[in-house]
Amino acid sequence: MNDKVVQITNHRPPVSCTPLRPLLCTLVLVAGCNGDPTGGPAAGGDARDRDVVPVPVPVGASEDAPGPPPSEPARLSRFGEAPPLRGLAAVHGLRIGFAAPHDMFELEDSALYTSIATEEYDILTPENSMKMTYLRHVPGRYEWERSDRLVAFAEAHDMAVHGHPLIWSGQVTQWIKDLGAAELAALMREHIATVVSRYRGRVDVWDVVNEALVRDGSLRDSLWYLSMGESYIAEAFHIAREHDPDVTLIYNDYDVGWLNPKSDALLERLAGELDRGTPIDGVGFQLHLETDDHPGVDSLRENFRRFAELGLDIYITEMDIAVDWRADPGTEALKQAELYGDVLRICVEQPRCRALQTWGLGDRHAWRSSLKAMPFDEEYRAKPAFRAMQRVLQETPPTPRAPR
Ligand code: XIL
């Protein structure tokens, strides 16, 4: 039997990793943690005193054979059972993240919220702070305070920033909606140039255009489309590229995760844009889901494959999974966990998938909080969904990422 035994550092029994878990063997510790986020020695602070476990060890490496150099032991997450998601995701070359609320630093539980976020995640999207309603509240000046603070917070905690969104028909201030076509076109150019330049080298990914299509795949009658025609999409990408040559530029939308008329239309549209030289690097799939309302994960996998085949990177940008409040809560929590796990596994296995982010952190403050769509509950206890994400990252063999 080719079992490999890896000794853990805190005198718990060694765990044996069999070839049934090929390539990756991550130790699972039941560390007396019950998922209470405030429990343990360092709630709200750093994790120095928590239990430590080794980082994943490739099975097959032996003492005689040359293997990777020994690495620092990884610490258990405050939720127990495994190291934090960000370290587990890094083994796969992925980032894992969350949408940071506009008022994250003023929440009554801000210290707890931010400490969980920084421990578990390594990318954040400002949920609202970079939208026009906030940045361009009044004519003549930008209000940078909130977005600057979120970007600085991310940098301080070694997290990437996913900027959201440059051009969208939602959350546009009334004075902008009142502009004439020529003024609006000028504002679009000036807005993208200003925002992208300000965060050049600090924002890693931009949602350049958000939700430009409606359900049947045709263009939304947004103020941008009505003023400029469909060329506004290509133009937005070109301006963004001009002001940051290195940032990743993506198109982001909902209801395009599965094979359906809208994702067909998007695929065709993006293929056309790429042919014309529009600098689009990837697609953001929002994935606001419900436990029962999706056509199956095979369709998601196949859909990702066809976008990746165009050379586009895949970002899961706003994932949440609403439960059915009329159904049994225990069963719903398990269905939710299964779907979170399945989607993450598909991302891990797709070489062009770069990141998965949930649209919020716990059910207390998320956009769809009443639908209990997050991996943590109102009290920041880990739900089965969070456990499923831990397990998938631990147990799925890494797939080499495609070069960018
Ligand atoms: C939502 C935010 O979560 C809310 O706080 C806000 O009131 C409305 O917008 N698709 C998007 C996101 O691209 O910007 C939206 O965010 C959710 C749907």
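Trp206 touches Gly163, Leu166, Val196, Ala240, Val247, Leu249 and Ile250, leaving aside residues up to four places away in sequence. Contact here requires C-beta atoms, placed from the backbone, within 7 Å of each other. The structure is a predicted model, in which local features need pLDDT of at least 70, side-chain atom pairs count only at pLDDT 80 or more, and totals for chains, interfaces and linings use all residues. Residues are numbered from 1 along each chain as its sequence is written.

Trp206 is also among the residues with the most contacts inside the largest nonpolar core, along with Val208, Ala236, Ala240 and Val343. That core has 95 residues. A nonpolar core is a set of buried Ala, Val, Leu, Ile, Met, Phe, Trp, Tyr and Cys residues joined through C-beta atoms within 7 Å. A residue is buried if 20 or more other C-beta atoms lie within 10 Å of its own, exposed if 12 or fewer, and partly exposed in between, with C-beta atoms placed from the backbone. Helix 11 (residues 329–349) gives the core its largest share, eight residues. Domain 1 (1–83) and domain 2 (84–395) each supply at least three residues. These domain bounds come from an automatic or database domain assignment.

The protein has twelve helices and 15 strands. Helices (H or I, at least four residues) and strands (E, at least two) are DSSP runs, numbered from the N terminus. Of its 404 residues, 44% count as buried. Among contacts between residues at least 6 apart in sequence, 75% join residues at least 24 apart.

Helix 11 has 21 residues. Its first and last C-alpha atoms are 30 Å apart, close to the 30 Å expected at 1.5 Å a residue. The expected span is 1.5 Å times one less than the number of residues. Buried residues of helix 11 include Leu339, Tyr340, Val343, Leu344 and Ile346. Their cover includes strand 13 (288–290), helix 10 (297–309), strand 14 (313–322), strand 15 and helix 12.

Helix 8 (residues 231–243) has 13 residues and should span 18 Å at 1.5 Å a residue; its end C-alpha atoms lie 19 Å apart, which agrees. Its buried residues are Tyr232, Ile233, Glu235, Ala236, Phe237, Ile239, Ala240 and Arg241. Helix 6 (181–198), strand 10 (205–210), helix 7 (223–228) and strand 11 (248–253) are among the elements that cover them.

Leu85 lies in helix 1 (residues 85–91). It counts as buried because it has 25 C-beta neighbours inside 10 Å. Leu85 touches Ile96, Glu120, Tyr121, Met389, Gln390 and Leu393, not counting residues up to four places away in sequence. The C-alpha atoms of Leu85 and Arg95 are separated by 9.1 Å.

Most residues other than glycine have a negative phi. Gln171 is not a glycine, yet its phi is positive, about 50°. Gln171 sits in the loop between strand 9 (160–163) and helix 5 (174–177). It has 12 C-beta neighbours inside 10 Å and therefore counts as exposed. Lys372 also has a positive phi, near 50°. Its loop runs between strand 15 (353–358) and helix 12 (384–395). Lys372 is buried, with 23 other C-beta atoms within 10 Å.

Glu127, Asn128, Asn210, Gln286, Glu318 and Trp367 surround the ligand. Each such residue has its C-beta atom, placed from the backbone, within 6 Å of the molecule. The shell divides into one nonpolar, three polar and two charged residues. Ala, Val, Leu, Ile, Met, Phe, Trp, Tyr, Cys and Pro count as nonpolar, Asp, Glu, Lys and Arg as charged, and the others, Gly among them, as polar.

Definitions and conventions
Contact = placed C-beta atoms within 7 Å.
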